[in-house]
Each structure stands twice: as C-alpha cells, then as structure tokens.
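Let us walk through this protein step by step. Keep the structure in view as you read.

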Amino acid sequence: MALPLLTVDTVAEYVRELSLFPPDDSLVATEITGGTLNFAFRVTGLVKSVFVKQTPGFIKVLGPTAKLSDHRLLIERGAYAAWENSLTSSEPETLACLPRILNFDEDRMIMVMEDLRFHLPLQDQLESGVVSVIVAHKIGCFLGCVHGKTHSALVSENMKKHFTFKFANQELRQLQLDQFFTQPYQKAKGAAPLRSDAEFMEAIDELKAKYRGEKVDNLSLCHGDFHTGSVMVEQR
C-alpha cells in the first residue's frame, strides 16, 4: 500500500523524525510552488532550515492521471553521488557547488537537502541586470570538471556501461524531447515557416539524437534539464 504524499501539514513532523533538528525545536513548513513535476517544501527551525523534495508517480501540475515514474528522484540522487565521487577532495571548490544531501527515503521517494534559502535562481539575477563573472567562472569550472571526469572517452569501459544503463532515464528524457524538441516545431501554429525549412528541421533532428544519447562515445553524466532556473546563486 502506497504511503500518502507529504503535505505542508505533515512534512514538518516527517523531518522531525529524522533528527535533523533539536527535539524541542519549533518547526514551520511552507510549500515551495512553481515546479511542474515534484512537490517541494521548506522546513524552518530556530537557527536553520532544510529543503524537502518528493516525486509523486505523476506530473504534479497535471495531476494523478498524468503518470510518470517516481524513480526519477532515485536517478537524481544517483547522479549527485556519482558527481561527488568523481570530484572527491581533489576539486573542493567545484564539489562545494553541489548541495548537501541530508537524507534520502527510497521507499517514499523523498530527498532532504541543504536549504539554499539565502540564494536565488540565476535567472532572477540575470533578469535584474546583474551579470557576475564569479558565477560564470564557477559554473564553467563545475560543468568542465563533472563532464570531464565522467566523459565516456575518459572512464573505464565498465563505468561507461554503468553510466549509460543507470542514467538512461528514458521516460523523463522522452518527456523533455516532446516538450522542447518536438511540440514547439511540429505542433505550434506559429512554427509553420520553420517546418517548411528542411535545413532547420534537420538541425532539430540532430539535437534530438544528441539528447537521446545516441552517440555513446561522446557522453558525460550531465544534468538533463540544465538552465538558469536550476542554478542557485548567493545574493550579494
């Protein structure tokens, strides 16, 4: 029998049972809205807070009829672990770019993480007119390190097979292909001129093939939805 999903009324007690806060701490939970796939909460105590993420077996904004495997969080946790292992202590500055995982509940697909409550999405910073050379440098170093240390041409044959199999994530990948590589060009009315451009559509097909991971000799373990909304930066 499936356990009920967390709500803003139950998540604080769930976190309390993990002993991440002092027993007598007064915890307050708030739901973080805006995401399309998962449920997210912030649980705040007297001196600290944590971020709680749960993946339901469906797309959150579409409801229970829009089925999507909740194991996507298991894949995400595995990617964090693989990045951490590949960076180890040799890349302390880059390793610090990853949020700390405080608890992972595989039975309920819940991940409790370090709360970056005093950070903001990079897209918000850019939209406000702030372009930070420091942030750009750190993102470049992080991506360069994790891609280089997990690249299919640089890891062992066994590790390449392991990465290819474990992180295929075909269900979520197909969702992204439909939403970002197919629907805007094949179904949108305003895209009719693009559909008649054979060269353009051929380029889109090449992008789709790359995103599907068809060229297995040129792959890295990367974030499949990396954009400025998924990068958190310090407020200065």
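Start with helix α9, which runs over residues 198–211 and holds E202. The model you are looking at is predicted. Is E202 buried, exposed or partly exposed? E202 has a relative accessible area of 48%. Exposed would require over 50%, so E202 counts as partly exposed. Together with D197, E199, D205 and E206, E202 forms a patch of negative charge on the surface. Residues in such a patch must have over 30% relative accessible area, and E202 passes that mark because its value is 48%.

Now step back to charge in the whole protein. There are 25 positive side chains and 30 negative ones. The centres of these two sets lie 2 Å apart.

Next, find G35. This residue sits in the loop that links β1 (28–31) with β2 (39–44). G35 is partly exposed, because its relative accessibility is 35%, between the limits of 20% and 50%. Which residues does G35 touch, leaving aside those up to four places away in sequence? The partners are K60 and V61. Look at K60 in particular. G35 and K60 are 25 residues apart in sequence. In space, their C-alpha atoms are 8.2 Å apart.

How do contacts look across the protein? Take those between residues at least 6 apart in sequence. Of these, 57% join residues at least 24 apart.

Most residues other than glycine have a negative phi. S19 is not a glycine, yet its phi is positive, at about 60 degrees. You will find S19 in the loop between α1 (11–16) and β1. S19 counts as exposed, because its relative accessibility is 61% and the cut-off is over 50%.

N169 is the other residue to look at. Its phi is near 50 degrees, again a positive value in a residue other than glycine. N169 lies in the loop between α6 (157–166) and α7 (170–186). At 23% relative accessibility, N169 counts as partly exposed.

Finally, take in the whole. The protein has nine helices and seven strands. Its C-alpha atoms fill a box of roughly 65 × 45 × 45 Å along the principal axes. Of its 236 residues, 36% count as buried. The accessible surface comes to about 14,500 Å². Carbon and sulfur atoms account for 56% of that surface.

Note on methods
Residues are numbered from 1 along each chain as its sequence is written. This is a predicted model: local features need pLDDT of at least 70, side-chain atom pairs count only at pLDDT 80 or more; totals for chains, interfaces and linings use all residues. Side-chain values use heavy atoms; hydrogens and water are left out. Patches are made of residues with over 30% relative accessible area and no salt bridge: like charges are joined within 9 Å, nonpolar side chains (Val, Leu, Ile, Met, Phe, Trp, Tyr) within 5 Å. Accessible areas come from the Shrake-Rupley method with a 1.4 Å probe; for residues, only the protein chains shown count as cover. A salt bridge is a side-chain nitrogen of Lys or Arg within 4 Å of a carboxyl oxygen of Asp or Glu. Lys and Arg count as positive and Asp and Glu as negative; His and the chain ends are not counted. The place of a charge is taken as NZ of Lys, CZ of Arg, CG of Asp or CD of Glu. Helices (H or I, at least four residues) and strands (E, at least two) are DSSP runs, numbered from the N terminus. Buried means under 20% relative accessible area, exposed over 50%, partly exposed in between (1.4 Å probe, protein chains only). Contact means heavy atoms within 4.5 Å.
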